[in-house]
Amino acid sequence: MVKQIESLGRGLRVLGILEGGGAYSLTDLAQRTELPKSTLLRMLETLRTGGFARRRRTDGHWQASLSRFNGGDPRSDILADTVAPVLDELCGKIAWPSDVGIYDKGGIRVLESSRRLSPFVVNRDVVARHIHVLPSAMGRAILAWSSPARLDEILAELSHNSARPESMARDRAAVQALIDETRARGYATRQYGYFVTAPSEAKVMAMAVPVMVFGEPIAAINVVWIGTAMSEEDFARLHLSRLRDAASSIAVKMGDGTR
């Protein structure tokens, strides 16, 4: 019988947890793996150096390297590292939290968030979830500004999704009407009453704009707020220009000098 390498097995177990999705604190991972934190930290740093894991700037949590999800696109980790200081700055200006997300295999994956920095507590667990595309502000922003070819690809993928929130994908006329409305408004909004993890989140509102790099939305950035605090119109009047500036700043940092 061939002797196994126990340390490699433990490392693969850690990687398996990360690649299951979500982001974890060192304490969370220690509880899940029953490994000492010192050992676990060495494993995580080894995985990070090898391009298998990354540590989020906003909360220090660990997750799998994003390029291992987003079709192998190496820009995903670069994008995540780029957006963190932009989100910090935006939150410092408007106080309400923001997320940056990408389209990934039929959902929106949050790269970074300022929810833990904001004085307003708005469902901080959402950053560990895949978010539906059609009812979410970030999903709608990506759809509305995608090229026709990219839009066809996304809708084809969503049309096979049995989740009720994505059922509109099979009605191209309804999707086009949503896209036309979004583009005319100049930003995307969240479907009223939509929530990801808890019914109380249905009171949350969001607006989002795309991060355009060379004519294609590589991500979307949103701002979320409690609907009872401010109307959409008032919120847009106060904060939309700063949201757009943040999207443009990310685009420039990602190499699109036309911004």
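Axes here are lines fitted to C-alpha atoms, for helices over the stretch in contact, and the angles between N-to-C directions run from 0 to 180 degrees. Keep that in mind for the helix pair on this tour through a predicted model.

**Stop 1: the whole chain**

Start with everything selected. The protein chain holds eight helices and eight strands. Of its 259 residues, 51% are buried. Now turn to the contacts between residues at least 6 apart in sequence: 59% of them join residues at least 24 apart.

**Stop 2: two packed helices**

Select residues 137-144, which are helix 5, and residues 172-185, which are helix 7. The two pack at an angle of about 95 degrees, and their axes are 9 Å apart. Angles of 65 to 115 degrees count as roughly perpendicular, so helix 5 is roughly perpendicular to helix 7. Show the side chains at the meeting point: Arg140, Leu143 and Ala144 come from helix 5, while Leu178, Ile179, Thr182 and Arg183 come from helix 7.

Helix 5 lies across strands 3, 4, 5, 6, 7 and 8, and it runs at about 35 degrees to strand 7 (204-213).

**Stop 3**

Six strands form an open sheet in the order 5-4-3-8-7-6, with antiparallel pairing. Strand 5 (130-131) and strand 6 (188-189) are at the edges; each has a single partner strand, so one side of each lacks a neighbour in the sheet.

Strand 4 and strand 5 pair over two bridges, in the antiparallel sense.

**Stop 4: strand 3**

Next, select residues 99-104. Strand 3 is mostly covered, with six of its six residues buried. In a regular strand, side chains alternate between the two faces of the sheet. Colour Asp99, Gly101 and Tyr103 as one group and Val100, Ile102 and Asp104 as another: the groups point opposite ways from strand 3, and all are buried.

Which strands does strand 3 pair with? One is strand 4 (residues 107-113), joined in the antiparallel sense over six bridges; here Gly101 has Val110 as its bridge partner. The other is strand 8 (residues 216-226), antiparallel over two bridges, where Val100 stands opposite Ile221.

Follow the chain from strand 3 into strand 4 and you pass through a hairpin with two residues between the strands. Pick Lys105 in that turn, which has a positive phi of about 50 degrees.

**Stop 5: Ser98**

Step back to Ser98, in the loop between helix 4 (75-94) and strand 3. Is Ser98 buried or exposed? With a relative accessible area of 0%, Ser98 is buried. Its side chain reaches the backbone oxygen of Asn222 at 2.9 Å. Beyond neighbours within four places in sequence, the contacts of Ser98 include Leu87, Leu90, Glu112, Arg115 and Val223.

**Stop 6: Thr33**

Finish in helix 2 (residues 26-33), where you will find Thr33. Thr33 counts as buried because its relative accessibility is 4%, and buried means under 20%. The Thr33 side chain reaches the backbone oxygen of Leu29 at 2.7 Å. To complete the view, display Arg13, Val14, Ile17 and Leu40, which Thr33 touches when residues up to four places away in sequence are not counted.

Definitions and conventions:
Residues are numbered from 1 along each chain as its sequence is written. This is a predicted model: local features need pLDDT of at least 70, side-chain atom pairs count only at pLDDT 80 or more; totals for chains, interfaces and linings use all residues. Side-chain values use heavy atoms; hydrogens and water are left out. Buried means under 20% relative accessible area, exposed over 50%, partly exposed in between (1.4 Å probe, protein chains only). Helices (H or I, at least four residues) and strands (E, at least two) are DSSP runs, numbered from the N terminus. Two strands pair if DSSP finds at least two bridges between them. Contact means heavy atoms within 4.5 Å. A polar contact is a pair of N or O atoms within 3.5 Å; within protein, one must be able to donate a hydrogen and the other to accept it, and residues adjacent in sequence count only if both atoms are side-chain atoms. Angles under 35 degrees count as roughly parallel, over 145 as roughly antiparallel, 65 to 115 as roughly perpendicular and the rest as oblique.
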